Amino acid sequence: MADDFRMALTNLLRKSEMAGDVDFLRDGVRILGQTLMDLEVSQHLRAEKNERTPERAGHRNGYRTRQWDTRVGTVDLQVPRVRDGSFFPSLLEPRRRAERALVGVVQEAYVQGVSTRRVDELVKARGMTGISKSQVSRLCEELDAEVERVRSRHPCEEYPYVWLDARFLKVRQEGRVVSTAVVIAIGVTATGEREVLGLDVGPSEDGEFWLQFLRSLVSRGLKGVRLATSDSHQGLKNAIAATLSGTCWQRCRVHFMRNALSHGPRASAMMVAATIRTVFAQPDPAGARDQWRRVADSFRGRFPRLAEVMDEAEADVLAYATFPVEHWRQIWSNNPRSG
């Protein structure tokens with residue numbers, strides 16, 4: 001269950017990684033890694049920093065800077081040193097497994113909050129037995145502060161385009177498996193840079209949850225949104241209209257395609273998808289609209305319901321066409337891979 005949950009979080013948060021907004025993950029890995037090394041050297045020396053004890057087995061000798069290459073970028077670590085040179089942190093030995101575990105903890109902390117149990121498991125997985133509850137709590141507090149800094153940060157500039165998306169995850173709460181909605185907002189600047197603006201967890205993806213989420217973004221300073229891209233969830237559309245005044249709505253072309261394919265036989269799915277995609281290859285708004293109608297008309301005889309669906313969705317799926325052509329690949333879908 002835990003592995004499935006972490007995998008789902010990884011798939012959801014890949015949007016932030018693809019957007020280049022990995023500062024939070026990188027900082028979280030650095031904080032966890034640094035604190036784990038400090039705990040480990042204390043165990044090695046049998047004494048905390050500046051602690052006088054008969055059991056002490058050596059002395060610290062400052063730190064040396066080391067760069068650690070991870071999947072979320074290069075992290076600068078201050079590696080503890082001891083006078084006799086007998087210490088090397090286990091964190092840096094099995095590199096790939098260690099940093100994967102750290103990233104997983106940081107991602108889960110971003111969504112669910114910092115888990116003392118998960119951090120304790122991470123510590124034990126590194127072979128560090130005998131760590132006290134207060135030491136684990138201290139590590140959690142440091143990560144929790146970083147999580148809160150990111151979740152409450154204010155957008156640093158205007159974002160004319162915003163992607164909104166959600167996933168449903170099965171999680172265990174108080175001994176029961178329940179479905180939980182995770183929603184995410186990604187801002188796209190006029191020059192194409194992307195940044196995660198917010199992420200929240202709730203019992204369901206209903207209109208009220210989306211309304212509260214978008215209101216929180218606005219209260220933190222989100223402004224200048226000209227186009228919001230999402231699926232056709234009615235509650236989300238209502239929340240966008242209520243909170244982002246003057247914002248147009250773009251129906252995600254990827255979500256629309258999935259819906260369109262459900263109105264034709266499975267054997268024809270590849271042909272239908274390829275035909276609809278010709279719309280998005282058109283170089284200008286007039287060409288896109290004309291091609292959309294030609295495609296819909298071509299389906300009318302064999303797949304009349306599919307043609308009706310295209311008629312109904314034309315304005316929403318082609319909303320991107322009223323914006324600069326060079327922005328189209330950034331805004332016609334909330335899926336980073338669709339461009």
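Helices α8 and α11 pack against each other in this predicted model. Helix α8 covers residues 253–261, and helix α11 covers residues 304–317. Their axes lie 10 Å apart and meet at an angle of about 170°. Angles over 145 degrees count as roughly antiparallel, so α8 is roughly antiparallel to α11.

Which residues make the contact of α8 with α11? From α8 come Phe256, Asn259 and Ala260. From α11 come Leu306, Val309, Met310, Ala313 and Val317. Seven of these contact residues are nonpolar and one is polar. None is charged.

Now turn to helix α9, which spans residues 269–277. Three of its residues, Val272, Ala273 and Ile276, are buried. Where do the buried residues of α9 fall, seen down the helix axis? They sit within an arc of 95°, so they line one face of the helix. That buried set packs against α8 and α11, the pair described above, and also against α10. Helix α10 runs over residues 285–299.

The last stop is a strand. Strand β4 is made of residues 176–188, and Ile184 lies in it. Is Ile184 buried or exposed? Its relative accessible area is 1%. Buried means under 20%, so Ile184 counts as buried. Ala166 is 18 residues away from Ile184 in sequence. In space, the two are 6.2 Å apart, taken from C-alpha to C-alpha.

Methods. Residues numbered from 1 in each chain as written. Predicted model: local features only at pLDDT ≥ 70, side-chain atom pairs only at ≥ 80, totals over all residues. Heavy atoms only, no water. Axes fitted to C-alpha atoms, helices over the stretch in contact; angles between N-to-C directions. Helix = DSSP H or I, 4+ residues; strand = E, 2+ residues; numbered from the N terminus. Parallel < 35°, antiparallel > 145°, perpendicular 65-115°, else oblique. Contact = heavy atoms within 4.5 Å. Nonpolar A, V, L, I, M, F, W, Y, C, P; charged D, E, K, R; others polar. Buried < 20%, exposed > 50% of the residue type's maximum accessible area, 1.4 Å probe, protein only. Arc of directions from axis to C-beta.
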